[in-house]
Amino acid sequence: MTRITPNRRMFARYLAPCALLLLLAPFAASWAMPPFGGQPHGGFGGDLFFLEHMAQKLDLSDDQRKQVEAIMNQQREQARPYVKTLVETRREMRHAMKGDDFDEAAIRAIAERQARAMTEMAVLRARGRHAMQQILTPEQRQRMRHQHRERRGDGADGGAPGFDGQED
């Protein structure tokens with residue numbers, strides 16, 4: 001029978017969930033950044049699925065579709081260095097936590113780099129959403145708000161502004 005030591009208990013309670021989040025962070029660019037606000041469909045081909053879904057639901061013209069695709073491609077390229085940083089810092093954090101000595105300054109420095117990368121990715125996502133919103137007609141924006149509201153459920157955001165910054 002395996003004895004659960006205080007270190008293992010701490011790992012199971014605190015560090016394992018953090019490690020899991022850090023492990024999933026590199027996939028944030030493809031899974032958590034759909035600029036339309038649609039369901040995340042990560043992995044290879046996720047962007048294509050998202051684009052097809054958006055084009056169908058909003059009845060995008062060919063020109064709008066090309067513009068959305070260009071925005072998504074640009075956003076993906078801009079996110080690459082931040083995803084790389086998240087991968088590197090996850091590895092660094094794992095290494096820093098393995099040691100016998102606790103180096104709070106090192107952990108904080110790694111966490112700050114992670115936070116900066118995640119902040120930049122959030123800004124990229126918001127910028128992409130805004131750019132895509134500018135492509136849509138007023139009717140398409142209304143449909144998009146309706147789809148967004150349906151997907152998250154009425155009032156699920158506590159009354160926060162909708163996708164386009166307007167109250168739902």
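Let's begin at Thr-85, which is in contact (heavy atoms within 4.5 Å) with Arg-113 and Ala-117, leaving aside its neighbours within four places in sequence. Thr-85 is found in helix α4. Its C-alpha atom is separated by 9.9 Å from that of Ile-110, 25 residues apart along the chain.

A word on the source: this is a predicted model, in which local features need pLDDT of at least 70 and side-chain atom pairs count only at pLDDT 80 or more, while totals for chains, interfaces and linings use all residues. Residues are numbered from 1 along each chain as its sequence is written, and side-chain values use heavy atoms, with hydrogens and water left out.

## The chain as a whole

How many helices and strands are there in the chain? There are six helices and zero strands, where helices are DSSP runs of H or I with at least four residues and strands are runs of E with at least two, numbered from the N terminus. Read from the N terminus on, the order of elements is α-α-α-α-α-α.

Of the 168 residues of the chain, 29% count as buried (buried is under 20% relative accessible area, exposed is over 50%, and partly exposed is in between, with a 1.4 Å probe and protein chains only). The chain exposes about 11100 Å², of which carbon and sulfur atoms supply 55%; these areas come from the Shrake-Rupley method with a 1.4 Å probe, and for residues only the protein chains shown count as cover. Turning to contacts between residues at least 6 apart in sequence, 61% of them join residues at least 24 apart.

## How α4 meets α5

The axes of α4 and α5 come within 9 Å and cross at roughly 170 degrees. Axes here are lines fitted to C-alpha atoms, for helices over the stretch in contact, and angles run from 0 to 180 degrees between N-to-C directions. The residues of the contact of α4 with α5 divide into 20 nonpolar, eight polar and seven charged. In this count Ala, Val, Leu, Ile, Met, Phe, Trp, Tyr, Cys and Pro are nonpolar, Asp, Glu, Lys and Arg are charged, and the others, Gly among them, are polar.

Another residue to look at is Val-87, found in helix α4. Val-87 is partly exposed, with a relative accessible area of 22%. From Val-87 to Gln-114 the distance is 9.2 Å, C-alpha to C-alpha, and the two are 27 residues apart in sequence.

## The nonpolar core

The largest nonpolar core has 13 residues, and Met-54, Leu-58, Leu-60, Val-68, Met-72, Met-132 and Leu-136 are those with the most contacts inside it. Such a core is a set of buried Ala, Val, Leu, Ile, Met, Phe, Trp, Tyr and Cys residues joined through side-chain atoms within 4.5 Å. Which elements give two or more residues to this core? They are α3 (46-58), α4 (62-98) and α5 (104-135). The largest share, five residues, comes from α3.

Val-68 touches Leu-51, Met-54, Leu-60, Met-132 and Ile-135, not counting residues up to four places away in sequence. Ile-135 is found in helix α5 and counts as buried at 14% relative accessibility. Apart from neighbours within four places in sequence, Ile-135 is in contact with Gln-64, Gln-67, Val-68, Ile-71 and Gln-140. Between the C-alpha atoms of Ile-135 and Leu-60 there are 9.5 Å, for two residues that are 75 residues apart along the chain.

## From α3 to α4

Is Asp-59 buried or exposed? Asp-59 is exposed, with a relative accessible area of 57%, and its place is in the loop between α3 and α4. Do take a look at its backbone: phi of Asp-59 is near 55 degrees, a positive value in a residue other than glycine.

Further along, Glu-69 has its place in helix α4 and counts as partly exposed at 37% relative accessibility. The C-alpha atoms of Glu-69 and Leu-51 are separated by 7.2 Å, with the two 18 residues apart along the chain.
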